[in-house]
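Open the model in your viewer and keep the selection tool at hand. This tour goes from stop to stop, naming what to select and what is there.

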Amino acid sequence: MTGGIHHITLITRKVQANVDFYVGFLGLRLVKRTGGFEDATQLHLIYGDASGTPGSLITFLVWEDGSLGRVGYGQPSEVSFAIPTETIGFWLTRALQFNIAVTGPAQEFGETVLRLHDPDGAIIKLVGTDAVSPGDPWESDGISQTDAIMRLRGATILTEKPNETAAFLSRHFSYESAGQSDTITRMVSSSGDCIDVRDATGFWSSAPGTGTVDHIAFRAADIAEVNATYEQMIAEGADATALHDRKYFHSIYVREPGGTLLEMATDGPGVLIDEPLETLGTELFVPPHFADETANVKIILPQFGLPKEPRFIYRDLPFVHRVYTPEPATGQAFILLHGSDGSETSLMPLAASIAPGATLFGLRGRSTEEGTARWFRRFGPLSFDQNDIRSEAEAFAAFIEGAVEAYGLDLQSTIFMGYSNGANLLAAMMQLHPGLVRNAILLRATKVLEETPEADLSGTHILSLTGDHDLFGAHAPALEADLRQAGANLTALSVPAGHETNQHDIDAARSWLTEMETGRN
């Protein structure tokens, strides 16, 4: 039996801060970046040693909209990394240099421990120990191989059933009791790493979310070992899952008696299956079963920069927003307003199909209806809150002005594109705050302002696309008439579609953009 920890998975909300902490401060190597295997639009990052060795890996599910989790029983509470004992002083100094609060040194089970928090609040321990082999330490900026993190030292599990939890680890993952300290039983594997089982009786229960540990995965030599363990678990009544193919390993999941989610994962094929060692962790991969969605997923997943790489610096503006910068970028910018129940990423694939080199700014509406994001409240299908429209239009105008200053947008060339509810807000904003938007694509827009304001839209270019069998399409001509009356240069087209968008919208928008560019030249 291989034994020991394969990887530990946590949940983060702040992807750039996460990368800066684990790569920039701790000096781990980013060995894999992928879309999620259950949800391809969820970014998954894997850090480890120089070659991504099982036992060195810590992984993160990126929940940008995730709520803060609560550490409690039925969940791991701490993750620890092994460092050479003589490097405690080095790491204390480095924490001061990076302005990271640290407590310790303290002694735990005869080992020197530094305790700190990552950007999401998860507890990370640096443990001076010689109980584990160094693996393949990664030399990074400011960290030599002799000072580098060696591998995972272990984790702490909180449980109301400490004896049952310890026995489960012993039966199925070959951990043995190696000491007791107050309410903690230390369980050690043949690889030398440890799981501290802490009696959390009387503590509050855990809640999943950002800043918490999702699961601990243990090593298996091959699929046969995983299957044998699965059969053993099922025989004793444990609710284990069937075998999952995670491309880099095969695994099963199970909850131990105290409620913590555990995984058993094979060492192979490993993270080098699709990237050479020299460039490990540099390419974004989408799981094979989402292959048909690869292009769109890569646009939707959040971007980030490794230390010293260029990165986009987000500014505090009135709307939550996401920016996608293509390679190469043409300098053109699209500002995108989603439809009802959409998000800041909803229109990004469509916009990228229209203008592949454009930088995309996706915004999220602030008004919610039955838990779904919208741009303004409605009282019925065609009855809208007029005060809310004006209030959100004013906030959107403030966003545009702020984005010009913060991001250097050129409004003469920037394209604004809205779909359905987002198109309605965009059209209303143009009438209420004329002059800010010079180029707009309205997809399935209708008239929502009951009183048409006087506005001068001369010099504003608008493309309005209506589905020829869209149930709301009958209300588009009234809006188009208002925009023309205000002096807008408006092109109104009907495309073969309902309320949904399709390739006809992409083709029409491309042609319109080409005509505008030709006219300007």
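**Stop 1: a chain of rings**

Select W375: with 0% relative accessibility, W375 is buried (buried means under 20% relative accessible area, exposed over 50%, partly exposed in between, with a 1.4 Å probe and protein chains only). This is a predicted model, where local features need pLDDT of at least 70, side-chain atom pairs count only at pLDDT 80 or more, and totals for chains, interfaces and linings use all residues. Residues are numbered from 1 along each chain as its sequence is written, and side-chain values use heavy atoms, leaving out hydrogens and water.

How many aromatic pairs does the structure hold? There are 22. Rings of Phe, Tyr and Trp (its six-membered ring) pair if their centres lie within 6.5 Å; planes under 30 degrees apart count as stacked, over 60 as edge-to-face and the rest as tilted. W375 and F396 form a tilted pair, because their ring centres are 6.4 Å apart and their planes stand at 55°. W375 sits in the loop between β22 (372-374) and β23 (378-380), and F396 in helix α7 (residues 386-407), so the pair ties together parts 21 residues apart in sequence. Helices (H or I, at least four residues) and strands (E, at least two) are DSSP runs, numbered from the N terminus.

F416 is buried, at 0% relative accessibility. The ring centres of F396 and F416 are 6.2 Å apart and the planes are at 80°, so this pair is edge-to-face. F396 belongs to helix α7 and F416 to strand β25 (residues 415-419), so the pair ties together parts 20 residues apart in sequence.

**Stop 2: two helices**

Stay on α7 and bring in helix α8 (residues 421-432). Their axes come within 9 Å and cross at roughly 80°. Axes are lines fitted to C-alpha atoms, for helices over the stretch in contact, and angles run from 0 to 180 degrees between N-to-C directions. So α7 and α8 are roughly perpendicular (65 to 115 degrees; under 35 is roughly parallel, over 145 roughly antiparallel and the rest oblique).

Which residues of α7 meet α8? Select I389, R390, E392, A393, F396, A397 and I400 in α7; they meet L425, L426, A428, M429 and L432 in α8. Contact means heavy atoms within 4.5 Å. By class, this contact has 10 nonpolar, no polar and 2 charged residues. Ala, Val, Leu, Ile, Met, Phe, Trp, Tyr, Cys and Pro count as nonpolar, Asp, Glu, Lys and Arg as charged, and the others, Gly among them, as polar.

**Stop 3: backbone details**

S420 lies in the loop between β25 and α8. S420 has a positive phi of about 55°, although it is not a glycine. Is S420 buried or exposed? S420 is buried, with a relative accessible area of 13%.

Next, select N99, in the loop between α2 (88-97) and β6. N99 also has a positive phi, about 60°, and is not a glycine. N99 is exposed, at 73% relative accessible area.

Move to P105, in strand β6 (residues 102-108). The peptide bond from G104 to P105 is cis, with omega near 10°.

Finish at P328, in the loop between β18 (321-324) and β19 (333-337). A cis peptide bond joins E327 and P328, with omega about -5°.
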